[in-house]
Amino acid sequence: MIWLTWRQFRTQAAVVFAAVAALAAVLAVTGPHLAGLYRTAGSGLVDQVSSADQALYYTGLLVVLAVPAVIGMFWGAPLISRELETGTHYLAWNQGVTRTRWLATKLGLGTAASMAAAGLTSLAVSWWSSPIDRAVDGGGPTDTYFARIDPVAFAARGVAPLAHAAFAFVLGVVLGLVIRRTLPAMATTFALYAAVQIVVPMWIRSHLAAPDRTTVPIEPDGAPISVQDEAGEIIAHLDDVPGAWVTSQQTLNAAGQPAPVPSSFPDCLRTESGPPTLEQFERCIADLGALGYKQQVTYQPAGNFWALQWAETGLYLGLALALTGFCAWWIRRRVT
């Protein structure tokens, strides 16, 4: 059964692992130069990265993010739906192979290969990007590169991609088993996996480790301030906490209670034409600070990276395990 499953699976696996090997080779050639730059420049590395290395940085980021989705669509969804469409599962079941063994072999081999592919990709990209990640966490500017705890980069670093791949693969298998049509199962797998990858960083990940909070004064010489929503919302930037992921902010009044920005502030910034000047902006900020307003910032510090990684890994593996149990129940009770 293992040999048969491998023969059915080997082409897709060969394509993905060949792509991973090619990427790893490129990273292995260019990585030592980047590491050498970091040893000499430290956090100033981000200003010395070449355009080619910058393109490789974003390529690696996108590849690690894409691997689980590709695995779910092209490995997981067709694995059983293709057999249900063609009826070849009856051949295995009529030759003494139980449904449970048939499913366990396919899930076990596919999940192991999925985690290996995602793990090798994440390992290579995380190693290559580590000088840039350390530079950003050390205080380097983040205009071009992401802190590794930032939601964009987080899913492309560490051990979390292994769990993402396991979840995406089993999700594809479940949808293929339920829908029983390969192409609809592939499309649904991509849509649901993408939805989960949006929901988790937006509403769940920030609660997987205890955040830090700080209150900063609103004043021209304090933390850098920007405004949004036509000056109805204030954003404080924590330059003194490098590598942090700011999860929420709220403005506090003189009594220390959450309060909206007073209407006098956007009125102060309003001009007849164009944006306010720097002098006008600083004067309005000073007036707001004089009223006792402050900004409370909730954030995940860079030091919580691994705590969040392991917590999210456990979350996705738990989801994959739950889906596996559903597969076992469904194939025994609902597939004929």
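A crossing of two helices is termed left-handed if the near helix is turned anticlockwise from the far one by less than a right angle, and right-handed if it is turned clockwise. In the predicted model described here, helix H6 passes helix H10 in a left-handed crossing, whereas H6 passes helix H7 in a right-handed crossing.

The secondary structure of the protein comprises 10 helices and five strands. The C-alpha trace extends over about 80 × 45 × 40 Å along its principal axes. The protein has 336 residues, of which 45% count as buried. When contacts between residues at least 6 apart in sequence are considered, 81% of them join residues at least 24 apart.

Two packed helices are described by the angle between their axes and the distance between the axes. For H6 and H10, the axes come within 8 Å and cross at roughly 20°. Since angles under 35 degrees count as roughly parallel, H6 is therefore classed as roughly parallel to H10. The crossing of this pair is left-handed, as stated above. The residues that form the contact of H6 with H10 comprise 19 nonpolar, four polar and one charged.

On the side of H6, the contact is made by His164, Phe167, Ala168, Leu171, Gly172, Leu175, Gly176 and Ile179. On the side of H7, the contributing residues are Pro184, Ala185, Thr188, Thr189, Leu192, Tyr193, Val196 and Gln197. By residue class, the contact of H6 with H7 consists of 10 nonpolar and six polar residues, with no charged residues.

The loop between H6 and H7 contains Arg180. Arg180 is not a glycine, yet it has a positive phi of about 65°. The relative accessible area of Arg180 is 30%, and the residue is therefore partly exposed. A positive phi at a residue other than glycine also occurs at Asp229, where the value is about 50°. Asp229 is situated in the loop between strand E2 (225–228) and strand E3 (233–236). With 58% relative accessibility, Asp229 counts as exposed.

Five salt bridges are found in a search of the whole structure. One of these is formed by the side chains of Glu83 and Lys106, with an N to O distance of 2.6 Å.

Asp133 is located in helix H4 and Arg157 in the loop between helix H5 (151–154) and H6, so the pair ties together parts that are 24 residues apart in sequence. Burial is assigned to residues under 20% relative accessible area. Asp133, at 4% relative accessibility, therefore counts as buried, and Arg157, at 2%, likewise counts as buried.

The side chains of Arg270 and Asp267 also meet in a salt bridge, with an N to O distance of 2.6 Å. Arg270 has 54% relative accessibility and counts as exposed. Asp267 is partly exposed, its relative accessible area being 43%.

Leu308 provides an example of a residue within helix H10, the helix that covers residues 305–333. Its relative accessibility is 0%, and Leu308 accordingly counts as buried. Although Leu308 and Ala209 are 99 residues apart along the chain, their C-alpha atoms are separated by 6.0 Å. When residues up to four places away in sequence are not counted, Leu308 touches Ile149, Phe154, Arg205, Leu208, Ala209 and Gln300.

Note on methods. Residues are numbered from 1 along each chain as its sequence is written. This is a predicted model: local features need pLDDT of at least 70, side-chain atom pairs count only at pLDDT 80 or more; totals for chains, interfaces and linings use all residues. Side-chain values use heavy atoms; hydrogens and water are left out. Helices (H or I, at least four residues) and strands (E, at least two) are DSSP runs, numbered from the N terminus. Contact means heavy atoms within 4.5 Å. Ala, Val, Leu, Ile, Met, Phe, Trp, Tyr, Cys and Pro count as nonpolar, Asp, Glu, Lys and Arg as charged, and the others, Gly among them, as polar. A salt bridge is a side-chain nitrogen of Lys or Arg within 4 Å of a carboxyl oxygen of Asp or Glu. Buried means under 20% relative accessible area, exposed over 50%, partly exposed in between (1.4 Å probe, protein chains only). Axes are lines fitted to C-alpha atoms, for helices over the stretch in contact, and angles run from 0 to 180 degrees between N-to-C directions. Angles under 35 degrees count as roughly parallel, over 145 as roughly antiparallel, 65 to 115 as roughly perpendicular and the rest as oblique.
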